[in-house]
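Biologist: Could you take me through this model with the cut-offs stated as you go?

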Amino acid sequence: SIRRNTRSCILSRGLGDVYKRQVLSDGLLKLIRDISVGKLDPDVVDPEWSIPRESFNATAFLQQALSGNDFKASLGSLIPASQPYLQLKAASARYQDYVARGGWQTIPATAVLRTGDEHIHIAAIRDRLSFEDESINQVRPSKINHYDRELEQVVKQFQRRHSLIADGIIGPATLREMNVSAADRLQQININMERLRWLPDNLGDRYILVNLANYRLTAIEDDEVKLDMRVIVGKTKRSTPSFSSQMTHIVLNPKWYVPNKLARLDLLPKQQANPGYFARYNFRVFNFEDGFKKEISPDTVDWQAMSEQYFPYSLVQEPGKKNALGQLKFIMPNPWKIYLHDTPSKSLFNHSQRNFSAGCIRVEDPLALASFSLSKNSGQQPLLDIISSNENYTAELEQPLSVYAIYATVWLNGDEVMFSPDSYRRDQRMAEYL
């Protein structure tokens with residue numbers, strides 16, 4: 001009996017060891033994959049992310065790593081080595097420390113505060129800001145609730161770091177950002193680290209990166225930022241997806257072939273409100289007769305009889321200063337027919353939140369972008385000469401240029417962690433899964 005029980009225990013322990021080894025192996029394979037290409041499936045957690053992930057075989061990698069001489073170094077090689085990722089990794093550790101320290105306290109609702117004001121909640125604001133900014137000077141107890149010039153500078157820096165207007169006025173928007181907890185900021189950083197793991201390890205020697213969340217475009221060459229400009233992206237209801245493409249050519253003095261949806265929803269109401277709108281803005285109107293496209297005069301159409309559901313015409317806007325695409329259009333084939341382009345509405349770039357377009361991306365300095373895209377040594381004068389002719393012209397790139405449109409609500413500017421609003425609610429969706 002003792003012999004039978006002993007044998008049974010030995011068998012059970014042996015099976016348990018096999019099970020443990022299997023669990024450990026499965027866990028290690030999952031960890032390897034999570035570190036390399038991300039732990040979440042973009043198709044599930046961010047359906048608007050359409051940048052292909054690199055293929056990765058965790059089992060083959062593990063077998064190769066085990067056969068090598070330095071298993072730890074092999075695992076370490078999986079961690080993304082890009083500067084943005086390493087910066088976010090350091091920021092994540094810093095905010096983890098804030099969380100471990102208990103985070104900051106919520107500041108009660110208060111009236112709008114300006115420099116020179118006295119208020120009982122200014123002490124709490126000082127405590128909140130001192131978590132992330134150790135430069136805040138200690139003040140005498142009698143001045144703890146005084147909004148002085150030194151505190152104003154710290155508030156302005158906080159506002160700039162959180163994509164707010166840096167006016168030093170503590171209003172509802174600033175207070176709302178101050179009251180986002182340390183745990184939520186840590187989660188926001190980790191969400192953006194996950195997105196970076198979805199990107200290819202090597203984006204190329206020359207490429208364009210558009211951050212849809214902070215409304216900026218950067219042109220990168222040999223790991224150096226050559227251009228940095230503001231952009232306008234899609235409205236919340238017509239959000240621009242995250243995608244990658246290859247810019248192939250640039251159109252100078254472009255025509256705008258208006259998508260039917262935009263014609264129905266955006267332009268038709270303007271023509272109905274002002275019957276001369278299409279003529280004043282150089283729109284040509286076409287219909288189809290017997291399978292052929294035929295131009296007709298806008299004056300011959302009863303526009304009041306048209307609707308969002310019924311609009312049997314196509315619109316083309318001729319080149320010129322009133323053209324919605326401006327003077328330059330950057331073509332990069334993609335399923336959504338999104339492109340970069342100039343705009344005559346320059347004042348919109350002055351807004352801090354710039355999601356005004358129907359999905360395409362408007363750029364602040366199209367001439368500089370064209371000069372970068374066409375050639376390392378091309379100047380702007382040849383482009384200006386063509387533009388001044390008002391003739392439609394297409395310039396083909398010698399080498400296609402990679403373009404990445406990503407959604408990053410956290411990034412670093414030097415040593416500063418920068419945050420932007422989750423205007424498309426994509427962080428919010430990912431938070432449910434992470």
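**Helix, sheet and rings**

Modeller: The buried residues of α10 are covered by elements that include β5, α11 (277-280), β6 (283-289) and β8, where contact means heavy atoms within 4.5 Å. This is a predicted model, in which local features need pLDDT of at least 70, side-chain atom pairs count only at pLDDT 80 or more, and totals for chains, interfaces and linings use all residues. Residues are numbered from 1 along each chain as its sequence is written, and side-chain values use heavy atoms, with hydrogens and water left out.

Biologist: Which residues of α10 are buried?

Modeller: Helices (H or I, at least four residues) and strands (E, at least two) are DSSP runs, numbered from the N terminus. Buried means under 20% relative accessible area, exposed over 50% and partly exposed in between, with a 1.4 Å probe and protein chains only. In α10 the buried residues are Leu-262, Ala-263, Leu-267, Leu-268 and Gln-271.

Biologist: At which residue does α10 bend?

Modeller: The bend at a residue is the angle between axes fitted to the seven residues ending there and the seven starting there. In α10 this angle is about 45°, and a proline, Pro-269, follows within four residues of the bend, which is at Leu-267.

Biologist: Which residue in β8 stands opposite Tyr-257?

Modeller: β5 and β8 (residues 314-317) pair in the antiparallel sense over two bridges. Within β8, the residue opposite Tyr-257 is Val-316.

Biologist: Are the rings of Phe-311 and Tyr-313 stacked, tilted or edge-to-face?

Modeller: Rings of Phe, Tyr and Trp (its six-membered ring) pair if their centres lie within 6.5 Å, and planes under 30 degrees apart count as stacked, over 60 as edge-to-face and the rest as tilted. A search of the whole structure finds 19 aromatic pairs. The centres of Phe-311 and Tyr-313 are 5.9 Å apart and their planes are at 80°, so the pair is edge-to-face.

Biologist: Is Phe-311 buried or exposed?

Modeller: Phe-311 belongs to one aromatic cluster whose members include Trp-256 and Tyr-313. With a relative accessible area of 7%, Phe-311 is buried.

Methods: Two strands pair if DSSP finds at least two bridges between them.
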